Amino acid sequence: MLADIKPLARLLKLPYFPVTPTFPWLGPLGMVPLPSKWLIEFCPPIPTAHLTDSADDPLVVFNLADQVRETIQQTLHRLLERRPDPFGP
């Protein structure tokens, strides 16, 4: 999808109106998205039981949020290396 024409989507009572590279030339068939492959991974839970007494401390909350962000970023980098070719078998 290259763009979303919101006024046209509202007029047609659609959630969105996508503009794709093939839309004008292939008609409605150009609005069909290309197939995509997804990798979904659930990370192990981050223990927070020891933080219940200091839940109001901004530094503790910041450190926990930083740990969550770092875990997600490392997982994304690892999954990016394993990402399959979207047009391959």
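Helices (H or I, at least four residues) and strands (E, at least two) are taken here as DSSP runs, numbered from the N terminus. The structure is a predicted model, in which local features need pLDDT of at least 70 and side-chain atom pairs count only at pLDDT 80 or more, while totals for chains, interfaces and linings use all residues. Residues are numbered from 1 along each chain as its sequence is written, and side-chain values use heavy atoms, with hydrogens and water left out.

The protein holds three helices and two strands, and from the N terminus on its elements follow the order β-α-β-α-α. Confidence is given as pLDDT, the predictor's confidence in each residue, from 0 to 100. The average pLDDT of the protein is 84, and 90% of the residues score at least 70. Helix α3 has the highest confidence, at a mean of 94, and α2 the lowest, at 71.

Next comes the question of cover. Residues are called buried under 20% relative accessible area, exposed over 50%, and partly exposed in between (1.4 Å probe, protein chains only). By this scale, 10% of the 89 residues of the protein count as buried. Accessible areas come from the Shrake-Rupley method with a 1.4 Å probe, and for residues only the protein chains shown count as cover. The protein exposes about 7900 Å², of which carbon and sulfur atoms supply 67%. Contacts, meaning heavy atoms within 4.5 Å, can also be sorted by distance along the chain. Among the contacts with a separation of 6 or more, 32% are between residues 24 or more positions apart.

Val60, Thr75 and Leu79 are the buried residues of α3. Threonine 75, in helix α3, counts as buried because its relative accessible area is 8%. With neighbours within four places in sequence left aside, threonine 75 is in contact with Glu41 and Cys43.

Isoleucine 72, found in helix α3, is partly exposed, with a relative accessible area of 47%. From isoleucine 72 to cysteine 43 the C-alpha to C-alpha distance is 8.1 Å, and the two are 29 residues apart in sequence. Leucine 64 is also found in helix α3, and its relative accessible area of 24% makes it partly exposed. Leaving aside neighbours within four places in sequence, leucine 64 is in contact with Ile46, Thr48 and Leu51.

Side chains of opposite charge can pair when their charged atoms come close. A salt bridge is counted when a side-chain nitrogen of Lys or Arg is within 4 Å of a carboxyl oxygen of Asp or Glu, and the whole structure has two salt bridges. In one, the side chains of arginine 78 and glutamate 41 meet at 2.4 Å, N to O. This pair links distant parts of the chain, 37 residues apart, with arginine 78 in helix α3 and glutamate 41 in the loop between α2 and α3. Arginine 78 is partly exposed at 39% relative accessibility, and glutamate 41 is partly exposed at 31%. Glutamate 41 also meets arginine 82 in a salt bridge (3.8 Å, N to O). Glutamate 41 lies in the loop between α2 and α3 and arginine 82 in helix α3, so this pair ties together parts 41 residues apart in sequence. Through shared partners, the salt bridges join Glu41, Arg78 and Arg82 into one network.

Most residues other than glycine have a negative phi. Lysine 13, although not a glycine, has a positive phi of about 60°. With a relative accessible area of 74%, lysine 13 is exposed.
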